Amino acid sequence: MRPPEDAELEPEPFVLGAWVGSLVSAPDGALASVADKLSVRDLSDSARVRATKGLLATALASVVDNALRAHATNASLRAVSLVVSSDPESVQITVEDSGVGMAPALAVRAGEPFFTTRDAGEGMGLGLYLARSTLARHGGGLELTSGPTGTTVVMRLPRVRD
Ligand SMILES: Nc1ncnc2c1ncn2[C@@H]1O[C@H](COP(=O)(O)OP(=O)(O)OP(=O)(O)O)[C@@H](O)[C@H]1O
Ligand SMILES: [Mg+2]
């Protein structure tokens with residue numbers, strides 16, 4: 001992933017769905033390198049958020065990285081889906097995989113700083129912790145639901161009125 005440019009470190013209002021689409025489809029987008037592994041279901045939602053794009057892109061790339069790793073053997077099947085949706089108060093990015101999932105004892109620990117099940121050198125155990133911190137800093141949150149058939153992560157931001 002390319003480093004964020006300075007301009008991306010300031011909060012700004014933008015349409016979340018269109019922006020997520022650009023991360024996938026622009027050649028230098030933060031998700032461009034894994035675009036063929038994603039099933040982009042619906043990004044047509046026109047709701048706006050106010051956020052620091054560089055931080056949000058890092059958080060989303062990290063959640064997507066986890067989802068792809070949950071599909072070690074068949075990630076090419078576009079089994080990780082991305083959807084942006086909204087309600088009157090908030091706008092959500094939902095990242096859903098049908099990978100290995102997490103047992104309940106593991107799911108409660110995922111998100112603790114430095115908690116990882118990856119081999120040494122493969123992960124720091126900071127991805128979810130930092131992603132959740134970024135969403136919280138923006139007044140939103142990150143919720144994770146996991147079971148034997150996969151994992152769903154909802155990244156929520158407050159909606160900005162036009
Ligand atoms: N989508 C997922 N499916 C299954 N397990 C997951 C998923 N996302 C996270 N996990 C589990 O939660 C742990 C913590 O995830 P987190 O992203 O915080 O750290 P990491 O991926 O291990 O390392 P890092 O993100 O710092 O490279 C992972 O090691 C993995 O066991
Ligand atoms: Mg991770």
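Analyst: Start with burial. A residue is buried if 20 or more other C-beta atoms lie within 10 Å of its own, exposed if 12 or fewer, and partly exposed in between. Note that this is a predicted model. In helix α1, residues 16-25, the buried set is L16, G17, W19, V20 and L23.

User: What makes the buried residues of α1 line one face of the helix?

Analyst: The arc does. The directions are taken from the helix axis to the C-beta atoms. Down the axis of α1, the buried residues fall within 165°, so they line one face. They pack against β1 (11-15), β3 (48-52), α2, β4 (80-86), β5 (90-97) and β7.

User: Which residues of α4 are buried, and what covers them?

Analyst: Helix α4 spans residues 127-137, and its G127, L128, A131, R132, T134 and L135 are buried. Down the axis of α4, these buried residues keep within an arc of 160°, so they too line one face of their helix. Their cover includes α2 (53-69), β6 (141-147) and β7 (150-158).

User: How do you know that A67 is buried?

Analyst: Count its neighbours. A67 has 26 other C-beta atoms within 10 Å. The cut-off for buried is 20 or more. Therefore A67 is buried. A67 sits in helix α2. Leaving out residues up to four places away in sequence, A67 touches V80, V95, D97, G99 and T151. A67 and T152 are 85 residues apart along the chain, yet their C-alpha atoms are separated by 8.7 Å.

User: Why is L55 called buried?

Analyst: L55 has 20 C-beta neighbours inside 10 Å. The rule says 20 or more, so L55 counts as buried. L55 also belongs to α2. From L55 to E10 is 45 residues in sequence and 9.5 Å in space, C-alpha to C-alpha.

User: Why is G111 called partly exposed?

Analyst: G111 has 18 C-beta neighbours inside 10 Å. Buried needs 20 or more, exposed needs 12 or fewer. The count falls in between, so G111 is partly exposed. G111 lies in the loop between α3 and α4. Beyond residues up to four places away in sequence, G111 touches L128, Y129, R132 and L144. K53 is 58 residues from G111 along the chain, and their C-alpha atoms are 22 Å apart.

User: What makes F114 exposed?

Analyst: F114 has 9 other C-beta atoms within 10 Å. The limit for exposed is 12 or fewer, so F114 is exposed. F114 is in the loop between α3 (104-109) and α4.

User: How is the packing of α2 on α4 described?

Analyst: By two numbers. Two packed helices are described by the angle between their axes and the distance between the axes. For α2 and α4 the angle is about 145°, and the axes are 9 Å apart. The crossing is left-handed. From α2, the contact uses L55, L56, A59, S62, V63, D65 and N66; from α4, it uses G127, L130, A131, T134 and L135. By class, this contact has 7 nonpolar, 4 polar and 1 charged residues.

User: Which residues come nearest to ligand 1?

Analyst: Of the 22 residues around ligand 1, the nearest are N66, T116, T117, G123 and G127. Helices α2 and α4 each supply at least two residues of the shell. By class, the shell has 10 nonpolar, 10 polar and 2 charged residues.

Definitions and conventions:
Residues numbered from 1 in each chain as written. Chains lettered and ligands numbered in written order. Predicted model: local features only at pLDDT ≥ 70, side-chain atom pairs only at ≥ 80, totals over all residues. Helix = DSSP H or I, 4+ residues; strand = E, 2+ residues; numbered from the N terminus. Contact = placed C-beta atoms within 7 Å. Near = placed C-beta within 6 Å. Nonpolar A, V, L, I, M, F, W, Y, C, P; charged D, E, K, R; others polar. Axes fitted to C-alpha atoms, helices over the stretch in contact; angles between N-to-C directions. Left-handed = near helix turned anticlockwise from the far one by under 90°.
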